[in-house]
Amino acid sequence: MDMAWLDVFRTVAHLGSFTAAGERLGFTQSAISRQIATLESELGTPLFDRLARGVRLTEHGRTLLPHAEALLERLDTTRRDLAALTDLSAGRLRVGAFDSANAELVPRALAAFNAAHPQVEIGLTEGLSARLLDQLADGAIDLAVLAAPTTAPFPASGAAPAPGAAPGAGPVPETAWDTEQFDLRPLMDDLVLVALPRTHRLARRRRLRLAELAGEPWIAARRDPESTLLAACLHSGFKPRIEYTVGAWTAKLGLVAAGMGPTLIPSLAARAARPDIALVPLHPHDTPVRRVHTATRRGQRPAPAVTAFLRHLREQARELRPTADR
């Protein structure tokens, strides 16, 4: 059944005239008559008694009218709801991001998005990149901000490697993410800095070589440096002595400030560092780089909220890049 027929039926019922309904809807009287006749044929019963002056609902017509009005109202509501999703006066945005992206990059993008579209419901999930991809695949989030494993810093085109670097060593390959399932887009490079207490002998240096800290007790998230930012130390020719293992950046930086050892911190988290900590850039040959990507489900059209948020996220990444790329 064509919903347009119900709209014509409702208009005729309210106005009591094919001619008046045609004037209201922009049809001729004969076009209105044909559409009502088609609807009556579809339903198998007359809906109007044709009078000398106008028309009047039959018993079947009176029964149909509230149903027609309810169906048309539901259709109008559906159209309004769909339009609200398109113009972002309603809807939801569920973002997942790794921890240091949530220090500044993602919050700034969310704040800009919320200011532009305050009626969109926002949800934020934090987790490791692999877990975020699982949630993205399950439909629990709409967009993920991911950090690829750190790319080891090595000089280009014949430059000398860092002192003590293993012969033939090269960059650590990034994770082989499932590009058939996910649409991955590079967002920015996140350089890594050394966090030292301000009283440290090297805290005032303009830049450092990692090998200069080979004898220090290190702070990391895990004991095996290969799975942390400290993998860069291995490529600089030494295995870091990890004395303290804590997961949260606040705890790591607290230990650094107390003089318990250095740690490596991504630039994305640098602005959240304490004032009693010095963040020292590494020599370009030693600087690890994390590739930050956005991920959505491949083959699924992103919701308007996701598309709009990605614009804000890219804008914030551009603004933060000078800080990260120092």
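## The second largest pocket

Helix 9 makes the greatest contribution to the lining of the second largest pocket, giving three residues. Helices (H or I, at least four residues) and strands (E, at least two) are DSSP runs numbered from the N terminus. The model is predicted, so that local features need pLDDT of at least 70 and side-chain atom pairs count only at pLDDT 80 or more, while totals for chains, interfaces and linings use all residues. Residues are numbered from 1 along each chain as its sequence is written, and side-chain values use heavy atoms, with hydrogens and water left out.

A pocket is an open set of points on a 1 Å grid over the protein atoms alone, with protein on both sides within 12 Å along at least five of seven lines, whereas a cavity is a set where a 1.4 Å probe fits but cannot get out; lining residues have an atom within 4 Å of a point. The volume of the second largest pocket is about 230 Å³ (the space filled by probe spheres set on grid points that are joined across faces, edges and corners). The pocket is lined by 16 residues, of which Arg-92, Asp-142, Pro-302, Ala-303 and Val-306 are the closest to its centre. Strand 3 (92–97), strand 11 (289–297) and helix 9 (304–324) are the elements that each supply two or more residues to this lining. By residue class, the lining holds eight nonpolar, three polar and five charged residues (nonpolar: Ala, Val, Leu, Ile, Met, Phe, Trp, Tyr, Cys and Pro; charged: Asp, Glu, Lys and Arg; polar: the others, Gly among them).

Strand 5 (residues 143–147) is largely enclosed by the rest of the structure, because five of its five residues are buried (under 20% relative accessible area, with exposed meaning over 50% and partly exposed in between, for a 1.4 Å probe and protein chains only). Leu-143, Val-145 and Ala-147 point to one side of strand 5, and Ala-144 and Leu-146 point the other way. In a regular strand, side chains alternate between the two faces of the sheet.

Strand 5 pairs with strand 3 in the parallel sense over three bridges (pairing requires that DSSP finds at least two bridges between the strands). Within strand 5, Ala-144 stands opposite Gly-96. Strand 5 also runs antiparallel to strand 11, to which four bridges join it. Here Ala-147 faces Val-292 of strand 11, and Leu-146 has His-293 as its bridge partner.

## Strand 11

Eight of the nine residues of strand 11 are buried, and therefore this strand is largely enclosed by the rest of the structure. Strand 11 pairs with strand 6 in the antiparallel sense, over nine bridges. Ala-295 of strand 11 is the bridge partner of Leu-184.

Arg-290 belongs to strand 11. Arg-290 is buried, because its relative accessible area is 10%. The side chains of Arg-290 and Ser-100 are joined by a polar contact of 2.5 Å (a pair of N or O atoms within 3.5 Å; within protein, one must be able to donate a hydrogen and the other to accept it, and residues adjacent in sequence count only if both atoms are side-chain atoms).

## Nonpolar cores

The largest nonpolar core has 31 residues, among which Leu-210, Trp-218 and Leu-264 touch the most other members. Two or more of its residues come from each of strand 6 (182–197), strand 7 (217–220), helix 7 (231–235), helix 8 (249–257), strand 9 (263–266) and strand 10 (277–281). Strand 6 provides the largest share of this core, five residues. Another core, of 27 residues, lies apart from it, and its members include Leu-88, Leu-93, Ala-97 and Ala-305. A nonpolar core is a set of buried Ala, Val, Leu, Ile, Met, Phe, Trp, Tyr and Cys residues joined through side-chain atoms within 4.5 Å.

Leu-88 is placed in the loop between helix 4 (59–87) and strand 3. Leu-88 has a positive phi of about 60 degrees, although it is not a glycine. With a relative accessible area of 9%, Leu-88 is buried.

Ala-258 is found in the loop between helix 8 and strand 9. Ala-258 counts as exposed because its relative accessibility is 56%.

Ala-116 lies in helix 5 (residues 105–116). At 43% relative accessible area, Ala-116 is partly exposed. A C-alpha separation of 10.0 Å lies between Ala-116 and Phe-309, which are 193 residues apart along the chain.
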